[in-house]
Amino acid sequence: MLLLKIAEGAIATHDRRVLAAIMAVVGLMLGSFATVLIHRLPRNENFIKGRSQCPSCKEPLAPIDLIPVVTWLFLRGRCRHCKARISVKYPLIELTSCYIAVSVINQHGASIASVVLAVSCIGLAITATIDALTRRLPNRAIITIAIFELIGFFADALVNDSWQDFKRGVIIAILATVVALIFYFVSRGGLGEGDVKFAPIVWFPLGWLGWGAAFGAYLIAAVIAVIWTIVFGVLQRRVRKVSIPLGPALALGAIVTIIADFSWKAGV
Ligand SMILES: [Zn+2]
């Protein structure tokens, strides 16, 4: 409790620009971790042990090879050893993660809850990217985010007495799961099992913000899903039996809502 108070004090007394700068670095590091996860999780490789290596020449990467964005720019997108091209998606993922962290802090100010919101958004983005690439929502990622959100918002409630927000977050997370379950049974496979497990960790932070945010994100996700279905349908020439990963639509709806803070505008 004392530690939490000190943490909140350290966060809240600082200018939000200072916190935004710190979170920019955290965002870059999480983005860098994300590229490792996105590469290893679908292959069931251990992502804690084992050093990163060049996928092409298998040369282990030194710490100097792992500085987000900077290394890629400095080496002009090539491996230091074998000169194989390193995909531009790596620095892009790192920059996106950095952008999400800074935008959320700018929108929601300096508090423990803002940091939790920012990191949750990045977690959702990583999980959704894995879903888009592999059509799988890994349980380990979902459980990690769920525990992080619970502990994070609980800590904020302890320090800032935001129990109202915490309770609303839990209620909306449960509601979202029930709605997802109904869709799952009604659509008979249109909505995947993974999406049902994804719903509570997407709607907990939204619920923490308010009912407006929860509904706003739901609408945005629905619009994105419809557009995707049409685009994928045209591409695959079978609009009726098209199947798309829903995770990215849900995550994108939540991230856009949290960054734009629709809850505040709806006044809920
Ligand atoms: Zn190499």
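Glycine 152 counts as buried because 20 C-beta neighbours lie inside 10 Å of this residue, and the threshold for that class is 20 or more. The model in which glycine 152 sits is a predicted one, and the residue is found in helix α6, which covers residues 139-160.

**Surroundings of glycine 152**

- When residues up to four places away in sequence are left out of account, glycine 152 touches Ile112 and Val116.
- Methionine 23 stands 129 residues from glycine 152 along the chain, and the C-alpha atoms of these two residues are separated by 16 Å.

**Secondary structure of the protein chain**

- The protein chain contains 11 helices and zero strands, and its elements, read from the N terminus on, run α-α-α-α-α-α-α-α-α-α-α.
- Helix α6, to which glycine 152 belongs, spans residues 139-160.

**Overall dimensions and packing**

- Taken along the principal axes, the C-alpha atoms of the protein chain fill a box of roughly 55 × 55 × 30 Å.
- Among contacts in the protein chain that link residues at least 6 apart in sequence, 71% join residues at least 24 apart.

Technical notes
Residues are numbered from 1 along each chain as its sequence is written. This is a predicted model: local features need pLDDT of at least 70, side-chain atom pairs count only at pLDDT 80 or more; totals for chains, interfaces and linings use all residues. Helices (H or I, at least four residues) and strands (E, at least two) are DSSP runs, numbered from the N terminus. A residue is buried if 20 or more other C-beta atoms lie within 10 Å of its own, exposed if 12 or fewer, and partly exposed in between; C-beta atoms are placed from the backbone. Two residues are in contact if their C-beta atoms, placed from the backbone, lie within 7 Å.
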